[in-house]
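Hi,

Here is the structure I promised to hand over. Have a look at it first, then read my notes below.

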Amino acid sequence: MLLAGTVVVDSTTVIQEGAVVVEGDRIAAVGDESDLGEAYPDHERRSFDLLMPGLVGGHVHSVQSLGRGIADDTALFDWLYDAVLPMEASLDADATRVAAELGYLELLESGVTTAVDHLSVAHADEAFEAAIDLGIRGRLGKVLMDDDAPDGLREETQAALDDSERLIRNYHGAADGRVQYALTPRFAVTCTEACLRGVRDLADRYDGVRIHTHASESRDEIAAVETETGMRNVHWLDEVGLTGEDVILAHCVWTDESERRVLAETGTHVVYCPSSNMKLASGVAPVVDYLDRGINVAVGNDGPPCNNTLDPFTEMRQASLLQKVDALDPTVTPAGRVFEMATINGAKAAGFDDVGRLASGWKADVVGLSTDLTRATPLRDVLSHLVFSAHGDDVTFTMVDGEVCYDRGELVAADADAIRRRARERARELDVS
Ligand SMILES: [Zn+2]
């Protein structure tokens, strides 16, 4: 397939009147439309206003999608224990499947091709099957909670680890490597030391498996960990093996100097979730400082109950604006820096080294957008448009691994109307306040 249009290769390179040639699951060539049209005359040709690498949702909870709109104006611990965990506990297998499909639909239709997805304790198989069927690239994991967790979610330590290992064997590397596994403790507060050390042990035993957890999101959380362990949260995670190049930590809002040194020295990945941090009033993650230290920072929407949208363009905009106002310096997060976080940095955190750029030999994860829009007029700078003005609704085409997943308002592998209808039905039945 030959995709023609203005091509955003990455955060620094844009080709006007360009093209991307896709063969199998890879990009065969990127360059001028006229040259590639001559070189590949027999390829099916599609034209777009704008083509860009698929965006990476660095931290998301697809299975919370039926809880969109619950507990809007609450702080993290009330939000979690009084609303979100009871909601997760009430999901049966069918509701989990519907929620995951709704989440992946929202991501694919708004230009996200890779999701780092924090599932729930039960029915994780349903989300894996949904990701495989709908075509999204994913780093998914079942949640582990063996301490201080409500009924219906708390598991015995070994049972939680055994179920994680079963899922690794069943799904890690599924769909030709498009779906990968992340061991996913909820956060230090809900996991025993044995559980966290068991997670590290499993990650070491299975090649390519990563660890994904929440860390230092709120001051209540770091106080709870300090009371329990006598240590700052990141030091505790480091002590039990949950730092390193295979570890993805969502949030990291409240870290001190010594913790930041640990994150940098261990190559731990951080995911910045600005809308969630603002909505729950958690605080402002020191993202510019992290980037300056060489820490890899991705961007994530977090879950529908704390955002309440999975639109990655909104998140890029918030990601930039929050850092600017926090620093009282408009230069700290220009569009290119944020676009990099939402593409190549996210792919690096997710463990997909050939994702995040439109370049020859890289995976064909490509998004097409319309710019024939009032908010895109005039279009002076493409990256500025994508970060500060564009919206998920502008996306008309989403390709993952060389397969078209979303095309002109239609999901290819499933009926989007049917997913929304089922989601409304199942959401009405949920036990939520
Ligand atoms: Zn989260």
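Which residues have the most contacts inside the largest nonpolar core? They are Tyr104 and Leu386, in a core of 113 residues. A nonpolar core is a set of buried Ala, Val, Leu, Ile, Met, Phe, Trp, Tyr and Cys residues joined through side-chain atoms within 4.5 Å; buried means under 20% relative accessible area (1.4 Å probe, protein chains only).

Some ground rules. This is a predicted model: local features need pLDDT of at least 70, side-chain atom pairs count only at pLDDT 80 or more, and totals for chains, interfaces and linings use all residues. Residues are numbered from 1 along each chain as its sequence is written, and side-chain values use heavy atoms, without hydrogens and water.

Helix H3 (residues 93–109) gives the most to it, with 9 residues. Helices are DSSP runs of H or I, at least four residues; strands are E runs of at least two; both are numbered from the N terminus. Domain 1 (2–54 + 356–411) and domain 2 (55–350) both contribute residues, so this core lies between them. Domain bounds come from an automatic or database domain assignment.

Now the zinc ion. Its protein donors are His59 (NE2), His61 (NE2), His214 (NE2) and Asp302 (OD), 2.1 to 2.3 Å away. Donors are N, O and S atoms within 2.8 Å of the metal (3.2 Å for Na, K and Ca); water is not among the atoms, so sites may look incomplete. His59 lies in strand S5 (residues 55–60) and Asp302 in the loop between strand S13 (297–299) and helix H12 (312–327), so the pair ties together parts 243 residues apart in sequence. Both His59 and Asp302 are buried.

Best wishes

How values were computed
Buried means under 20% relative accessible area, exposed over 50%, partly exposed in between (1.4 Å probe, protein chains only).
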